[in-house]
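Student: I am new to this structure. Could you show it to me and take my questions?

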Amino acid sequence: MWIVQRLSEHKEWTAAVVLLVVLVVLSIGFETLQELLVESTGENFQPVVQSLFGELTVLGFVTLVLFVLSHLSPFEKLSNTLFSESDELSEISEVVHVALFIVILVYIIQVCVLVHAALIKARDLETLEADCVDVSAVTNDAAKEMQATKKKRNFWQIIQGFLRLHRAKNRLAYASLRHAFTADKVQEESS
């Protein structure tokens, strides 16, 4: 009970300490997410992650400058001159500050989604590469899938058959392109 009484006597200090704790927790959370993103991203996508954090640094600096400027007395004088109100320009800067925050969030989400999609595509290509070394085996598998799809009777079997057939078609296309590319390289080297 005495803690509540002491805290109510020093509301400003209590609010400052609570805000400081929240900022520290948010900073630790951000650092943890940054570390997780850097560690989970492969070497090929490290430049994307570095660009992300570089942009965040620039936007953070712009936001800090905007915040500091909006709390200086010349800013109030400029607001009085332009709008005949001392706090109008501060309110506008707060709107810009919120807009910058939203831009940062959208940017982070966009980069994370694109990196995730690229990682999935890279994994799919690695799987295709491993599966498509032997073109004749891929061709035989595609033919078997086509025959098996024709024999399906119920709706779900047909859908699953078409999905497998689609994967077989992608493997066949990849194997054909790979074979043509490697055959051209072998022919160039032998000439």
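Student: Which residues in H2 meet residues in H3?
Tutor: This is a predicted model: local features need pLDDT of at least 70, side-chain atom pairs count only at pLDDT 80 or more, and totals for chains, interfaces and linings use all residues. Residues are numbered from 1 along each chain as its sequence is written, and side-chain values use heavy atoms, with hydrogens and water left out. Contact means heavy atoms within 4.5 Å; helices (H or I, at least four residues) and strands (E, at least two) are DSSP runs, numbered from the N terminus. On the H3 side stand Gln46, Val49, Leu52, Phe53 and Leu56; they meet, in H2, Phe30, Gln34, Leu37 and Val38.

Student: How do the residues of this contact divide into nonpolar, polar and charged?
Tutor: Ala, Val, Leu, Ile, Met, Phe, Trp, Tyr, Cys and Pro count as nonpolar, Asp, Glu, Lys and Arg as charged, and the others, Gly among them, as polar. For H2 with H3, the division is seven nonpolar, two polar and no charged.

Student: At what angle do helix H2 and helix H3 pack?
Tutor: Axes are lines fitted to C-alpha atoms, for helices over the stretch in contact, and angles run from 0 to 180 degrees between N-to-C directions. H2 spans residues 11–40 and H3 residues 46–70, with axes 10 Å apart. The angle between them is about 155 degrees.

Student: Why is H2 called roughly antiparallel to H3?
Tutor: Angles under 35 degrees count as roughly parallel, over 145 as roughly antiparallel, 65 to 115 as roughly perpendicular and the rest as oblique. The packing angle here is about 155 degrees. That makes H2, relative to H3, roughly antiparallel.

Student: How many aromatic pairs does a search of the whole structure find?
Tutor: Rings of Phe, Tyr and Trp (its six-membered ring) pair if their centres lie within 6.5 Å; planes under 30 degrees apart count as stacked, over 60 as edge-to-face and the rest as tilted. The search of the whole structure gives two. One of them is edge-to-face, at 6.1 Å centre to centre and 85 degrees between the planes: Phe30 and Phe53.

Student: Is Phe53 buried or exposed?
Tutor: Buried means under 20% relative accessible area, exposed over 50%, partly exposed in between (1.4 Å probe, protein chains only). Phe30 has 38%, so Phe30 is partly exposed. Phe53 has 12%, so Phe53 is buried.

Student: Where does Ser84 lie?
Tutor: Ser84 has a phi near 60 degrees, a positive value in a residue other than glycine. Ser84 is exposed, at 63%. Its place is the loop between helix H4 (73–83) and helix H5 (88–131).
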